Each structure stands twice: as C-alpha cells, then as structure tokens.
Amino acid sequence: METFFKIRERGSSVSREIVGGITTFLAMAYILAVNPNILSASGMNWGSVFTATAISASIATLMMGFVANLPVALAPGLGLNAFFTYTVVLGMGCSWQLALTAVLLEGVLFILLSLCGIREAIIKSIPESLKKAVSVGIGLFICIIGLVNAGLCKTDTGSFIGFVNFTFENRTAIVAVIGLVLTIVLYVLKVPGAILISIILTTLIGIPFGVTSVPESFRPFSTPHTPHLFAFDFKGILFDSATGNFSGVVLGKFFVIFFTFFFTDLFDTLGTLLGVANQANLLTSDGNVKNAKGALLSDAVGTVVGACVGTSTVTSFVESTSGVAAGARTGLASVVTAVLFLLSLFLSPLFFLVPASATAPALIFVGYLMMKAVVGIHFEDATEGIPAFITIMTMPFAYSIAKGIMWGIISYVICKVAGKKLKDIPLITWILAFIFLADIIFEALK
C-alpha cells in the first residue's frame, strides 16, 4: 500500500487517508438523494438513478484512486443534472434517452482527448496566476455552498444575499454555527481528524434541535419509487433504448446539448483538479497537476459508465477539498470514498442521518484553507492581478467554476493585449479565449 500510493512520500498516513476519504464522502453524500430527485423529473426511474449514482460514483472514484493516485472523488455533477432535466428534457422537449446519448458521446470524446493529452495541454496552458486564482475562487465558491446548505445564507432577505437571524426557527443555522466553532477549535488544537470529528459531534448535537433525522422523502429500502434496494430498471441503461433516438440531431438540438455538456464538464473538472491539487500540494514544479492525464481519464471513464447505467455527467467534486483539509493526500482516500458509495446501497439510511448542517461547516472551513493560495498571485502586475480577481469574483457569484475560468481567461487575454505583453499569452489560451467569446455571442443571439 505504501509503495503503490506513496503515502509517506506525500507526508500522510493510512489513518489520515481513511479519515480524509470518509470526510469527502460525508461532504458529498447528498448527491445520492439530490441526483435521483432531479433526474426522476425527466421521467427516469428514481430507484434506478439512485443505484446508477452510487455505482458510477464508486467506479469513477476508484479509478481516480488507482490510476491517478489523487484524493479526488467523482459523482454525477450538480448543475449538469439540472441542465439534463429542466433544459434538455423539459425545456427542449427531448427524451431522456437522447440526453443520455449526448452524455455518453461526451464521455467518449473526453477519453480520446485525455489519451491524446489535449485536456492535459489545456491545464498547462492556463497561466500560473489564474491557476492560483482558480483555487481561491473555488474556496469561496464552496464556502457559499456551505453557507447555503447550513441555512445561514439566503437570497430573499431584502438584498442580493444576506445572513439569517439566529432564532429557533433557523435552528439548522444555529447547529451549523456550533459545528463551525467545533471545527475551528479542533483544527487550532491540531486534533487528528478534526473535520470528521466535528461532523460526527454536530450530527449528535443536531438531535435535540430536531435537525438530525432521516429524511422522509428518502427511504431506499421501501418507497413508492423502488420496492427493494437493488431496483435495477434496465430501461435506464442507454443501449437498451437510446441508440435509435437521433431525431434530435436533425433538428440541431443534439449538438447544442452535446457541446453544453462538453464545455461545462471540461472546465468544471479542470478547475476542481487545480483547486484540490493546489490545496493538497500536489502540483509539479511548473504548477501543473500531478498525474493529470490519469485524473482526466478517470473523469472521462466515469462519464461513460454513468451514461451507460443511467445517470447524467460524472465529474470531479469540489467537496473533495474537505477530505484534503482532513489530511488526504493520495488515492487511498479516493478508494475509501468509493467503497462508501458502494456501501451506501446497503446502509443509506445511516449515512443520511448526517444533516447538511453537520457537513456544511467543513465546506465553509475549506474556504479558509483554499484562500491561502491568494498570496502567490502577483497583484502588483495589473495584467496578472485583474484576471485573477475576475476569476476569484466570478466563481462564487456566478455559482460556476466553469464561468470563473471562462471570464478569467478572456480578461487575461484582454489585459495582456492592453499591456502589450502578447508573448505572455500561450497559443491555447488564445484559442480558449476566442471559443469563450464565441459562446457568449452565441448565447446573446439565441
């Protein structure tokens, strides 16, 4: 195990990797309930999507652990699943089978691009200042996710965004604040497994507050959606019914669907990998992600597997940063997370005892840990600092990693051109900037 995962070489231990893997799983376990709820609105079977979510997440995360040796977990991505249901199926009138076909072909193309090194080349083309900005931006982004999950932050308080009052009506927020205080105290005291211990203690504290309970809407052992645990509905498998459903191609809808999935997943994954690797100190001397090719291949294979078993695009989860904060540095943590996803098929009620208010403090705290990268950005050089600021600003407020990278690269090219520093702009960065501008213009003309 030591030889394969290089645990000591990366300054970790088996116990830290296990704790990190568990922490990552608890931080992202919500996807097991959220993904089926969203995709079932498109007409898919809830039980089949639940099973597909757990299986695709497990396989992709296992591959990330063994092939890339990185502490990054994968699962069907939020945002992409909403686009799948509400835009493609309900909005554009396409069948969910056609949408799955687009996801499958996107994954196949990603495998080809990963094997050819094109996706890795895109990572290398991102300027160093933007790589650090991506890490900071993701920190703020996941912090806002934590604040929202905790019930601390709402958008209906009379301003664009605001904090709730600490009344018993907002007891979820109160429990989350207690959890955040516990996390901070344990971390400052350098208690091993501080984040995981905080999650467990906060879950227990949530009992008298009425916050910790098994959601009534989620009973995978006996629900109207699925009569038993392994409710495999093989109509949810792509090759059973989608292969002859290409009428959307003629209408041009298919290509719009395909490229939306493609670009969103591409830059969400790149941003997450850069953020996690930077936090875990797993960047090479030239600022690139270690084993990036294996990581990107794992993501691509996960998307293909997900489409085949019946779920939307599988992507790297930014919640992996919580596991890194707990000490994870190698693929062993990913293996632990993957095993827990498989166990969730049998023990899901146990995992869902953990409320969002218990995992939210970990996400908020990760914002602090990822903010450290800001000191490496050369703000004194406006052509470096302004694009970095735009990247950092856009991610949390646009609620999108991909949009942060998009606007960061566009502003980088504009600043370098204005500053007469054309030699600083790599060819691929030029190409990406033009693609992003074309996408913006296309959206405006629709």
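Q: Where does D299 lie, and what does D299 touch?

A: This is a predicted model, where local features need pLDDT of at least 70, side-chain atom pairs count only at pLDDT 80 or more, and totals for chains, interfaces and linings use all residues. Residues are numbered from 1 along each chain as its sequence is written, and side-chain values use heavy atoms, with hydrogens and water left out.

D299 lies in helix 14, residues 292–309. Helices here are DSSP runs of H or I, at least four residues, numbered from the N terminus. D299 counts as buried because its relative accessibility is 0%. Buried means under 20% relative accessible area, exposed over 50%, and partly exposed in between, with a 1.4 Å probe and protein chains only.

The D299 side chain makes a polar contact with the side chain of T269, at 3.2 Å. Such a contact is a pair of N or O atoms within 3.5 Å; within protein, one must be able to donate a hydrogen and the other to accept it, and residues adjacent in sequence count only if both atoms are side-chain atoms. Leaving out residues up to four places away in sequence, D299 touches L74, F110, R119, D265, T269, V314, T315 and S316. Contact means heavy atoms within 4.5 Å.

Now the contrast. F434 sits in helix 20, residues 427–445. At 53% relative accessibility, F434 counts as exposed. I200 belongs to helix 10, residues 194–209. I200 counts as partly exposed, at 46% relative accessibility.

Definitions and conventions
Helices (H or I, at least four residues) and strands (E, at least two) are DSSP runs, numbered from the N terminus.
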